[in-house]
Amino acid sequence: MDITIIFITYVSGVHWQYYHPSHGAELTAGYYNLYDRDGYRPIARMLNKRNCFLNFSCLEMKHNNNAEGDALSAPEELVKAVLSKAWKEGIEVIGANTSEIINAEGYNQVLLNARPNGSNPLNKIPYKLSVK
């Protein structure tokens, strides 16, 4: 009897201060992601080597809802950056909401993140993304 165990690594979407040159919130959380250094590609490479999935948060968030005050928040940009690195490394991505999706806007944002290049003419999604 063969047993397959799938490991899933949760990477938190630290989107506040993303537009600040220091990326201070990410650094505080342990993500070494600066304007001249990609902090997420090494994580994706490590997950690929170990056949792990990536679980990433804030898929439902939009920039205009979270850019208040001095937060310099950019959840859409962060999600695009992290998911593109994961997909380039060939790993599966699982999405997590940071808040409840209560309207079509949040749902559509998740779909946009799942299919960043729009619809596939063959009706096949080139990358898998599941939301819990």
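**Salt bridges in a predicted model: close-up views**

**View 1. Arginine 45 and glutamate 89 meet in a salt bridge through their side chains, at 3.6 Å from N to O.** A salt bridge here is a side-chain nitrogen of Lys or Arg within 4 Å of a carboxyl oxygen of Asp or Glu. Arginine 45 belongs to helix 2, and glutamate 89 to the loop between helix 4 and strand 3, so the pair ties together parts 44 residues apart in sequence. Salt bridges with shared partners join Arg41, Arg45 and Glu89 into one network. The model is predicted: local features need pLDDT of at least 70, side-chain atom pairs count only at pLDDT 80 or more, and totals for chains, interfaces and linings use all residues. Residues are numbered from 1 along each chain as its sequence is written, and side-chain values use heavy atoms, with hydrogens and water left out.

**View 2. Glutamate 89 also forms a salt bridge with arginine 41.** The closest N and O atoms are 2.6 Å apart. Glutamate 89 sits in the loop between helix 4 and strand 3 (93-96), arginine 41 in helix 2; the pair therefore ties together parts 48 residues apart in sequence. Helices (H or I, at least four residues) and strands (E, at least two) are DSSP runs, numbered from the N terminus.

View 3. Buried means under 20% relative accessible area, exposed over 50%, and partly exposed in between (1.4 Å probe, protein chains only). Glutamate 89 is buried at 14% relative accessibility. Arginine 41 is partly exposed at 23%. Arginine 45 is partly exposed too, at 41%.

**View 4. Lysine 85 pairs with aspartate 38 in a salt bridge.** Here the closest N and O atoms lie 3.6 Å apart. Lysine 85 is in helix 4 (residues 75-88), while aspartate 38 is in the loop between helix 1 (24-29) and helix 2 (41-49), so this pair ties together parts 47 residues apart in sequence. Lysine 85 is buried, with a relative accessible area of 18%. Aspartate 38 is partly exposed, at 27%.

**View 5. The setting of the three salt bridges.** The protein has five helices and four strands. From the N terminus, they run β-α-α-β-α-α-β-α-β. Buried residues make up 37% of the 132 residues. Of the contacts (heavy atoms within 4.5 Å) with a separation of 6 or more, 68% join residues 24 or more positions apart.
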